[in-house]
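Please look through the sequence and the three-dimensional model below before reading on. The report after it is meant to be read with the structure in view, one region at a time.

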Amino acid sequence: MQSAAYSLSSPCSIPSLKPRKFGSRAGFQPIRVSSSFAAPERHEHSVSLPNRSWRLSSSSSLPLRAWNLVHSDSKPDRFEVRATAAESAGEGEKSGSLVKTLELGLLFGLWYLFNIYFNIYNKQVLKVFHYPVTISAVQFAVGTIIVSLMWMFNLYKKPKVSGEQLVAIVPLALVHILGNLFTNMSLGKVAVSFTHTIKAMEPFFSVVLSAMFLGELPTLWVVGSLLPIVGGVVLASVTEASFNWPGFWTAMASNLANQSRNVLSKKLMVKKEESLDNITLFSIITIMSFILLAPVAIFVEGIKFTPAYMQSAGLNVKEVLVRSLLAALSFHAYQQVSYMILQRVSPVTHSVGNCVKRVVVIVSSVIFFKTPVSLINSLGTGIALAGVFLYSRVKSIKPKAKAA
């Protein structure tokens, strides 16, 4: 029960009172309550009650002072607990932020590593097995198996896709097929470093296609960043030891196809793909690409990816099969990780990371394959990649709105 305070203003005596008994409740222990009042004289009144002791005093020193009650003693403890909880929450947030940073760094590392493995193993296979359509179909087949297993074992939620959505995805699958097919064609003709130097031209195609089909006019900053890209690619192409026109044009066609996919995604999927995230969309495109390309590969190149044919062609069957499988696994893994990164960072950060990835792939391929590189060729590649980095930075600069 809470104690009560009574103010007595008259100096009269208080008769002795008998407390009422409330059932079988035990008597109260003595309680002391002191209060101060501003008064000409000091009066002290005492009331003696059984099991109760009331002491009320008035003083002329100060107005009413706060009572020192028993339940107020717990307030400092409560404040201390709250402060400790706040500090723990702050430490938890810092720890969570550190974990997310480490996780993001691991994803970037895996993105680059899978890219290196894909380009090395893919180049090794295409040097001896000259069937890029079949290799592309095999890569999509392995990706289809991986996606199916992920959905089967609930490693990633299986999506519910409508017929309207599937129709909208078909054009994306077609340009996805062309982009990867032309990349494999180029890798089979020229050095890996040169293919990726040409693929640095992707921002140029992105700007042109966005202006043509989306009405997105580039800023002067963006146009200025394209100049070193184009100039660097031209300089690298002129001095490239492995240069040939089929390898050059297939790499350029890959740029056109990949950027067409991005433009189509913006144009066709704005309303129809609101329920599909990037990873789910990529998974569906992978399956659809295999279904569309497999019959084309058989029709154009025949059934060549068999041990019997490879043995008759004088190839090391085990080596080709193992490297093809590793290339296909790396191909699907690096794209999957790329979309996982895109869900965690802004498009600008992802674009900068993609630029660094291209540098890593070029340098690693030059070292692994011991590709001869001249000083001017290196300079051209460096200028082109610097332009890509500049483009990724200025792309986020929006033009100032004109005052009315």
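## Overall build

The model is a predicted one, and its secondary structure comes to 12 helices and two strands.

The protein has 404 residues, and buried residues make up 39% of them.

## Annotated transmembrane regions

The unreviewed UniProt entry carries the annotation "transmembrane region" for residues 104-121, 133-153, 165-183, 278-300 and 375-392. These positions come from the record, and such annotations may be inferred rather than shown by experiment.

Two of these spans can be compared with the model itself. Residues 104-121 are 100% helix and 0% strand, with end C-alpha atoms that lie 26 Å apart. Residues 165-183 are likewise 100% helix and 0% strand, and here the end C-alpha atoms are 27 Å apart.

## The nonpolar cores

Which residues of the largest nonpolar core touch the most other members? In this core of 21 residues, they are Ile 198, Met 201, Ile 229, Met 252 and Tyr 391. The elements that give two or more residues to this core are α4 (192-198), α5, α6, α7 (245-268), α11 (347-369) and α12 (375-394), and the largest share, five residues, comes from α12.

Tyr 391 can be followed in more detail: leaving aside neighbours within four places in sequence, Tyr 391 is in contact with Pro 203, Ser 206, Val 207, Val 222, Ser 225, Leu 226 and Ile 229. There is also a second, separate core of 18 residues, which includes Leu 107, Phe 118, Val 337 and Ile 341.

Not counting residues up to four places away in sequence, Ser 193 touches Ile 362, Ser 365, Val 366 and Thr 371.

The surface holds a nonpolar patch of about 620 Å², made by Phe 204, Val 208, Met 212, Phe 213, Val 230, Val 234 and Val 238. Helices α5 (202-214) and α6 (220-238) each supply at least two residues of the patch, and the largest share, four residues, comes from α5.

## Charged pairs

Side chains of opposite charge can pair when their charged atoms come close. The structure holds four salt bridges. In one of them Glu 103 pairs with Arg 344, the closest N and O atoms being 3.0 Å apart. Glu 103 lies in helix α1 (residues 75-128) and Arg 344 in the loop between α10 (317-342) and α11, so this pair ties together parts that are 241 residues apart in sequence. Both ends are partly exposed, Glu 103 with a relative accessible area of 35% and Arg 344 at 42%.

Another salt bridge joins the side chains of Arg 358 and Glu 202, at 3.7 Å from N to O. Arg 358 lies in helix α11 and Glu 202 in helix α5, so parts that are 156 residues apart in sequence are tied together by this pair. Here Arg 358 counts as buried at 5% relative accessibility, and Glu 202 counts as buried at 14%.

The side chains of Glu 319 and Arg 323 also meet in a salt bridge, at 3.5 Å from N to O. These two residues both lie in helix α10, four residues apart, which is about one turn of the helix. Glu 319 counts as partly exposed at 37% relative accessibility, and Arg 323 as partly exposed at 25%. Finally, salt bridges that share partners join Lys 199, Glu 202 and Arg 358 into one network.

Key: Residues are numbered from 1 along each chain as its sequence is written. This is a predicted model: local features need pLDDT of at least 70, side-chain atom pairs count only at pLDDT 80 or more; totals for chains, interfaces and linings use all residues. Side-chain values use heavy atoms; hydrogens and water are left out. Buried means under 20% relative accessible area, exposed over 50%, partly exposed in between (1.4 Å probe, protein chains only). Patches are made of residues with over 30% relative accessible area and no salt bridge: like charges are joined within 9 Å, nonpolar side chains (Val, Leu, Ile, Met, Phe, Trp, Tyr) within 5 Å. Accessible areas come from the Shrake-Rupley method with a 1.4 Å probe; for residues, only the protein chains shown count as cover. A nonpolar core is a set of buried Ala, Val, Leu, Ile, Met, Phe, Trp, Tyr and Cys residues joined through side-chain atoms within 4.5 Å. Contact means heavy atoms within 4.5 Å.
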